Amino acid sequence: MISLIISSSEVDRVKGTASREENYWEGHYAAGGVSGEGSVGAIRQWKWDQIRSIVGEVDDFVDVGCGDLSFWDDRLPPVYTGIDISETIVAKNRERHPEATFIVANAAVPQTVSGRIVLCMDMLFHIMDDETYRGILTNLGQYSREWVFVYTWHNNPFEDQHSRRYVARKLIRKGRIFSSIKARAGSATDFDYQTYRRFEDYAPLITDQGFSLVETRSEPAIERWGALYVFRRESR
Ligand SMILES: C[S@@+](CC[C@H](N)C(=O)[O-])C[C@H]1O[C@@H](n2cnc3c(N)ncnc32)[C@H](O)[C@@H]1O
């Protein structure tokens with residue numbers, strides 16, 4: 001099946017303007033930023049234990065929103081394609097891993113890549129617009145020959161009183177009074193680079209391509225908001 005979704009970010013590209021995600025992440029990595037807390041320590045170990053126990057051989061991956069590869073502790077599998085919107089981080093990855101394939105692209109724009117296992121970890125809650133979000137999920141299904149793993153929020157962190165106050169204060173400091181009032185009242189976004197969506201509502205974009213959602217695993221003792229969604233292609 002060929003994906004015909006044209007994302008707003010693709011429109012941005014054609015118009016020669018950068019998308020919101022590209023601006024944010026390019027600036028973040030160019031300033032020496034890292035991929036984040038989900039890519040290190042106990043939560044990384046937990047994610048790895050789950051993936052390994054499910055797929056058996058760690059052989060052939062497409063990694064969508066690959067970031068700085070700290071998730072891999074710099075040990076890539078034999079066949080690896082990483083896709084990321086930040087040119088800076090992809091240039092660094094290419095230098096360290098000339099044996100792997102890297103693509104600089106908005107993940108909503110379809111690529112001709114394929115892997116037995118497709119990963120999209122800690123990226124979807126950074127997608128602000130719905131069209132891009134839907135395009136990315138469609139592409140995950142397109143790229144995978146067997147497994148799709150998505151780690152994203154399954155609880156809305158902005159429902160929490162403490163987070164609401166934190167986000168509202170941040171927005172006030174930026175002079176964004178209206179957004180700050182909305183954040184204080186409770187919202188599904190920080191109005192900057194994080195948005196909560198109920199992932200289950202969008203999972204059909206993958207299951208309608210011949211996959212089953214076989215498991216949803218979480219480990220609240222290590223990480224309160226996220227879950228690992230596991231899709232497997234149904235045998236034909
Ligand atoms: C929090 S980091 C996670 C990196 C990696 N998946 C991990 O778990 O360590 C999110 C990554 O998604 C990338 N990203 C954000 N929006 C993107 C988009 N629309 N297309 C491709 N990559 C994107 C960012 O550049 C960043 O590297």
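The largest nonpolar core holds 51 residues, and Val64, Val118, Cys120, Ile136, Leu140 and Val148 touch the most other members. Strand 5 (residues 144–153) supplies the largest share of this core, six residues. Both domain 1 (8–155 + 199–233) and domain 2 (157–195) contribute residues, so the core lies between them. The model is predicted.

**Core and its surroundings**

- In soluble globular proteins, nonpolar side chains tend to be buried together.
- Valine 148 is one of the core residues that touch the most other members.
- Beyond its neighbours within four places in sequence, valine 148 is in contact with Val118, Leu140, Gly141, Ile206, Phe211 and Phe231.
- Two of these partners, Val118 and Leu140, are named with valine 148 among the core residues touching the most other members.
- Valine 62 sits in strand 1 (residues 60–64).
- Valine 62 has 28 other C-beta atoms within 10 Å; a residue with 20 or more counts as buried, so valine 62 is buried.
- Setting aside neighbours within four places in sequence, valine 62 contacts Thr81, Val113, Gly115, Val118 and Tyr143.
- Valine 62 and tyrosine 80 are 18 residues apart in sequence, and their C-alpha atoms are 6.0 Å apart in space.

**Overall fold**

- The protein has nine helices and seven strands.
- A compact globule of 236 residues would have a radius of gyration near 18 Å; the protein has 18 Å, which agrees.
- The C-alpha trace spans about 50 × 40 × 35 Å along its principal axes.
- Of the 236 residues, 34% count as buried.
- Among contacts with a separation of 6 or more, 66% join residues 24 or more positions apart.

**Domains**

- The domain assignment gives domain 1 (8–155 + 199–233) and domain 2 (157–195).
- Their C-alpha centres lie 26 Å apart.
- Eight residues from domain 1 and four residues from domain 2 form the contact.
- On the domain 1 side, the touching residues are six nonpolar, two polar and no charged.

**Ligand shell**

- The ligand is surrounded by 24 residues.
- Trp25, Ser39, Gly65, Gly67 and Ala107 are the closest.
- Helix 2 (20–30) and strand 2 (79–84) are the elements that give two or more residues to this shell.
- By class, the shell has ten nonpolar, eleven polar and three charged residues.

**The loop between strand 4 and helix 5**

- Aspartate 122 lies in the loop between strand 4 (115–121) and helix 5 (130–143).
- Leucine 124 is found in the loop between strand 4 and helix 5 as well.
- Is aspartate 122 buried or exposed? Aspartate 122 is buried, with 22 other C-beta atoms within 10 Å.
- Leucine 124 is also buried, with 25 C-beta neighbours inside 10 Å.
- Leucine 124 touches Tyr133, Ile136, Val150 and Thr152, leaving out residues up to four places away in sequence.
- One of these, Ile136, is among the core residues that touch the most other members.
- Leucine 124 and valine 90 are 34 residues apart in sequence and 19 Å apart in space, C-alpha to C-alpha.

**Positive phi**

- Most residues other than glycine have a negative phi.
- Aspartate 122 is not a glycine, yet has a positive phi of about 55°.
- Phenylalanine 191 has a positive phi too, near 65°.
- Phenylalanine 191 lies in the loop between helix 7 (177–185) and helix 8 (199–202).
- Phenylalanine 191 counts as partly exposed, with 18 C-beta neighbours inside 10 Å, whereas aspartate 122 is buried.

**Arginine 217**

- Strand 6 (residues 211–217) contains arginine 217.
- Arginine 217 has 15 other C-beta atoms within 10 Å and is partly exposed.
- Leaving aside neighbours within four places in sequence, arginine 217 is in contact with Gln50, Ala227 and Leu228.

Conventions. Residues numbered from 1 in each chain as written. Predicted model: local features only at pLDDT ≥ 70, side-chain atom pairs only at ≥ 80, totals over all residues. Near = placed C-beta within 6 Å. Helix = DSSP H or I, 4+ residues; strand = E, 2+ residues; numbered from the N terminus. Nonpolar A, V, L, I, M, F, W, Y, C, P; charged D, E, K, R; others polar. Domains from an automatic or database assignment. Contact = placed C-beta atoms within 7 Å. Rg over C-alpha atoms; globule rule 2.2 N^0.38 Å. Buried ≥ 20, exposed ≤ 12 C-beta atoms within 10 Å, placed from the backbone. Core = buried A, V, L, I, M, F, W, Y, C linked by C-beta atoms within 7 Å.
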